[in-house]
Amino acid sequence: MKLKITIVLLLFVVGLTNAQQKKWSIEECINYALENNIDVEQLELQLQSAKLGESDALGDFLPNLNGSTNGSWSKGSGFDQTTNQRVSGTFFSLNAGVSSGVTLFNGLRNIHNFNKAKLNTIASQYRLDGIKDNIVLNVANAYLDVLAAKESLKVVELQAEISDQDYERTKALVEAGTVPKGDLLELEATIADYEQQKVNGENNVVLRRLFLAQLLQITDYQNFDIAESTYNVPPSEIYNYTAKEVYDKALTIRGNIKLAETNIDIAEKDVKIAKGALYPTLSASVGYNTSYSSFVKRITNASFTDQLSENDGIGYGMSLSVPVFNGFSVRNNIRRSKLNLEQTKLQAEQEKLALEASINQAYLDVRSFGKRYEAAQKTYDARKQAYDFAKERFDVGLMNAFDFSQSQSRLDNAAIDVVNAKYNYIFRIKILEIYYGIPVTLE
């Protein structure tokens, strides 16, 4: 028994450790956000509600069916509804019936309402797709921010280690009287500066990681972390397309554009529905009724079932309602729906213009940040060569610690600039890929 308990506890601890050590990839973060985001859940509920509206509109084509019954007891002198006679005493009467009605024509409004309901379902899906597009973009940006913060921290930590080594070497030289003590003090200041940079870098990593966890709506952010990897600028097929080609493709896949176009179709259906009120409405109905009376049973000895079969009857009917004058409400509703249609068209054009501007900006950003990244790399290479030369001189005592720390600081700044430029460049590539419909990965 003790052995079983020990094994269970061991498995629990191992499982907990593995859970705490889980490192999230960008794909896992995006999928988790899409599955757990509250806005997505709300829009999914709206989509289900739109589907119910579609079912309601379909039901308008079907005839209704209603049953009714009415039973009453009377004492004294009263009127028997079954025999249409005045009777005295205590008696019971029962009336029952079934009726059905259907709209045969109402200016095609039922057809247009059904088509509009289907469009509302499509619009709800596009609205859901649009919010998912935004979530993917926001998660990708936050994820890359964490990567940049981690890599910048590694730069500082590496240089801090090198400074510690330089300090130990210089300390030995100072004790031997080879170099002045001022060089050692300068290195102490440099090390203290690196310690401050490390603290700031660690805080930046925590803040960036916290922001990503909040974006994913993960409350246990202390055990949340992303995969420890250094990514290079990934190859992308997006370079093969012009901004116009990206825009043309985006028009066919972006949720907000599809939503805007669907809203135009919905507005057109509203115009047709409003015009339908100008036409007559034709309805048909059929009903079956029967009755029973205890008074009839008393005077004729007719049973309950006999009375129901003898007193039954079927009625048919049709009704026609012709609109003549309704205080201008129908005409005004038509005008309002037409105005709404024009406004919806303008909104769709505005969405397309905004999309075109965003894609053109994203296209320029890819090229601009690409050049910044190349420039940052060239600057780093030059700073690295200058640093290596300075270190050689410092190691043989031909450069003091102050000048050497300045060279080291310039190299650090150049390295961090490369990191920031790289991840800014990657993010701009991902933005353009999303517009073209390419899934977000960092492979």
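Student: What makes Asp225 and Lys23 a salt bridge?

Tutor: Keep in mind that this is a predicted model. The closest N and O atoms of Asp225 and Lys23 are 3.2 Å apart, and the cut-off is 4 Å between a side-chain nitrogen of Lys or Arg and a carboxyl oxygen of Asp or Glu, so the pair counts. Asp225 sits in the loop between H5 and H6 and Lys23 in the loop between helix H1 (2-20) and H2, so the bridge ties together parts 202 residues apart in sequence.

Student: Why is Asp225 called buried, and what is Lys23 called?

Tutor: Buried means under 20% relative accessible area; Asp225 has 10%, so it is buried. Lys23 has 38%, which falls between the 20% and 50% limits, so Lys23 is partly exposed.

Student: What other salt bridge does Asp225 form?

Tutor: Asp225 also pairs with Lys150, with the closest N and O atoms 3.3 Å apart. This pair links distant parts of the chain too: Lys150 lies in helix H4, 75 residues from Asp225. Lys150 is buried, as is Asp225.

Student: How do you know that Glu433 and Lys430 are about one helical turn apart?

Tutor: Both are in helix H11 and they are 3 residues apart, so about one helical turn separates them. Glu433 has a relative accessible area of 5% and Lys430 has 3%; the limit for buried is 20%, so Glu433 is buried and Lys430 is buried. Elsewhere, salt bridges that share partners join Lys23, Lys150 and Asp225 into one network. A search of the whole structure finds 12 salt bridges.

Student: What makes the protein more spread out than a compact globule?

Tutor: The protein has 11 helices and 4 strands. Its radius of gyration is 40 Å, well over the 22 Å that the globule rule gives for 443 residues, so the protein is more spread out than a compact globule. The C-alpha atoms fill a box of roughly 140 × 70 × 35 Å along the principal axes. Buried residues make up 36% of the 443.

Student: Which residues have the most contacts inside the largest nonpolar core?

Tutor: They are Tyr143, Leu212 and Phe224, in a core of 59 residues. Several helices give two or more residues to this core, including H4 (109-175), H5 (181-216) and H10 (329-395). H11 gives the most, with 14 residues. Among the residues that Phe224 touches are Trp24, Cys29, Leu212 and Ile218. Apart from this core lies another, of 13 residues, among them Tyr167, Tyr387, Ala390 and Phe394.

Student: Which nonpolar residues make up the surface patch of about 930 Å²?

Tutor: Leu58, Phe61, Leu104, Leu108 and Tyr279 are among them. To join a patch, a residue needs over 30% relative accessible area. Tyr279 has 46% and Leu108 has 39%, so both pass that limit. Tyr279 is in the loop between helix H7 (255-276) and strand E3 (281-293).

Student: Why is Phe328 called exposed?

Tutor: Exposed means over 50%, and Phe328 has a relative accessible area of 55%, so the term applies.

Notes
Residues numbered from 1 in each chain as written. Predicted model: local features only at pLDDT ≥ 70, side-chain atom pairs only at ≥ 80, totals over all residues. Heavy atoms only, no water. Core = buried A, V, L, I, M, F, W, Y, C linked by side-chain atoms within 4.5 Å. Buried < 20%, exposed > 50% of the residue type's maximum accessible area, 1.4 Å probe, protein only. Contact = heavy atoms within 4.5 Å. Patch = residues over 30% accessible without salt bridge, like charges linked within 9 Å, V, L, I, M, F, W, Y side chains within 5 Å. Areas by Shrake-Rupley, 256 points an atom, 1.4 Å probe, with all protein chains shown as cover. Rg over C-alpha atoms; globule rule 2.2 N^0.38 Å. Lists of a residue's contacts leave out its neighbours within four places in sequence.
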